[in-house]
Amino acid sequence: MIDDGTGLLTIGELARATGLTVRTIRYWSDEGALPPVARSSGGYRLYDAGSVARLELIRTLRELGLGLDAVRKVLAGETTVAEVAAAHVTALDAQISSLKVTRAVLSSVARRGSTAEEMTLMNKLARLSAAERKRITEEFVEELFHGLDSVDPAIQERMRSTAVDLPQDPTPEQVDAWVELAEMVQDPEFRAQMREVVEFNAADRDHAAAAGRSVWFPMRLLRLGTEARARGIAPESPEAAALLREVLGDGDPAAVLERMESASNDRLARYRELLSTVKGAGTPSAHRAEFGWVVAALRAGADR
C-alpha cells in the first residue's frame with residue numbers, strides 16, 4: 001500500500017495480495033477488465049479494495065473458462081453471471097459431445113487397426129454436426145416414400161423412426177455402425193433396393209386393410225421358416241410345399257418370392273443390424289436362415 005493515506009495499492013501490492021502475477025493483472029487491466037482507480041504522480045496504476053474484489057471475480061470467471069469479452073460484460077452489468085454461465089454450459093456441452101465422438105473414433109481406429117484413409121473417413125462422417133447426420137438419414141427415408149402414398153402407415157412410421165443419430169456418448173461400436181450406415185444410405189444401389197421393397201408394399205396394400213398388415217404377413221413367413229427348420233423339413237420337400245400353401249392360401253407364390261428376394265437380402269439385413277447398434281439396442285437376429293428357408297422353398301416350388 002502506498003504511504004499517502006489513500007489506502008490505494010500498486011499493481012505489485014495487488015499481486016501479492018491476491019497471489020496473481022503482475023503480468024496477469026497488467027494484461028487484464030490493459031484489456032479493460034480491471035481499470036485502475038487512479039495513477040500515482042509517477043504514472044503508476046493504483047487500485048483500491050473494490051479492485052481486489054473485482055480481481056477475485058475476474059479470476060473466478062476466467063478459471064471457469066469464460067473469455068475476457070464475457071467477463072467485461074458481466075463486470076459492466078451488461079449481462080448476469082447466471083446468463084453467462086448458462087451460455088457457457090451450452091458451449092461446454094457441445095465441446096464435451098465432440099470430444100466424446102473423437103474418443104470413440106480413436107478407440108475404434110485403435111481397435112480395428114484402421115489405415116490413415118479409413119480414419120479420415122470415419123472422423124469426417126462421425127464429426128458431422130447432429131443436424132447434418134440427421135439430414136443424411138431423413139433424406140434417405142423421404143426418397144424411399146416419395147410419391148408412394150399407399151404404403152402401409154405402420155411401415156412408414158417404422159422407417160421414419162430410423163432417422164437416427166449417434167448418442168451423446170457413443171461407443172466405438174456405435175461409431176463403426178454409424179459410419180457404415182451413413183455410407184450405405186448414401187449408396188444409390190442400396191437406395192434402389194430399398195425403394196423396390198417400398199414400391200412392392202405400396203402396390204400390394206389394400207387401402208381398406210388395417211395398418212400393420214404388411215408387418216403381420218412377413219412375421220407369418222418368419223414363423224413358418226423357424227418352425228420348418230426346427231422340424232428339419234427340407235425346403236424342396238413336398239411337406240414344405242404343403243406348409244407354404246397353407247400360409248399363402250390363394251396368394252401367388254411367384255409374387256411372394258419376388259418380394260421375399262427383394263426384402264430378405266444380406267444388405268437389408270445388415271442395414272437393420274446397424275440401425276439397432278446405433279440405437280444401442282444390441283444386434284438383433286436378422287433371421288437370415290429362417291427367411292432363407294422360405295425363399296428356398298418358394299424357389300423349389302417355382303421349379304416344379
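1. Ala49, Ala53 and Glu63 are exposed on one side of helix H3. The model is a predicted one, and the remarks that follow should be read accordingly.

2. The buried residues of H3 are Ser51, Leu55, Ile58, Arg59 and Leu61. Viewed down the helix axis, the buried residues of H3 fall within an arc of 165°, so they line one face of the helix.

3. Helix H3 comprises 15 residues (residues 49-63), which at 1.5 Å a residue should span 21 Å. The C-alpha atoms at its ends are 21 Å apart, in agreement with that expectation.

4. After H3 comes Gly65, which has a positive phi near 100°.

5. The count of aromatic pairs comes to three. In one of them, the ring centres of Phe140 and Tyr271 are 5.8 Å apart and the planes stand at 65°; the pair is therefore edge-to-face, as the angle is over 60 degrees. Phe140 belongs to helix H7 (residues 130-145) and Tyr271 to helix H14 (residues 266-278), so the pair ties together parts 131 residues apart in sequence.

6. Phe190 and Tyr271 form a tilted pair, with 5.4 Å from centre to centre and 50° between the planes. This pair links helix H10 (residues 188-204), which holds Phe190, to helix H14, which holds Tyr271, across 81 residues.

7. Phe140, Phe190 and Tyr271 make up one aromatic cluster. Phe140 is buried; Phe190 counts as buried at 0% relative accessibility, and Tyr271 counts as buried at 3%.

Terms used:
Residues numbered from 1 in each chain as written. Predicted model: local features only at pLDDT ≥ 70, side-chain atom pairs only at ≥ 80, totals over all residues. Heavy atoms only, no water. Phe/Tyr/Trp six-rings, centres within 6.5 Å; stacked < 30°, edge-to-face > 60°. Helix = DSSP H or I, 4+ residues; strand = E, 2+ residues; numbered from the N terminus. Buried < 20%, exposed > 50% of the residue type's maximum accessible area, 1.4 Å probe, protein only. Expected span 1.5 Å × (residues − 1). Arc of directions from axis to C-beta.
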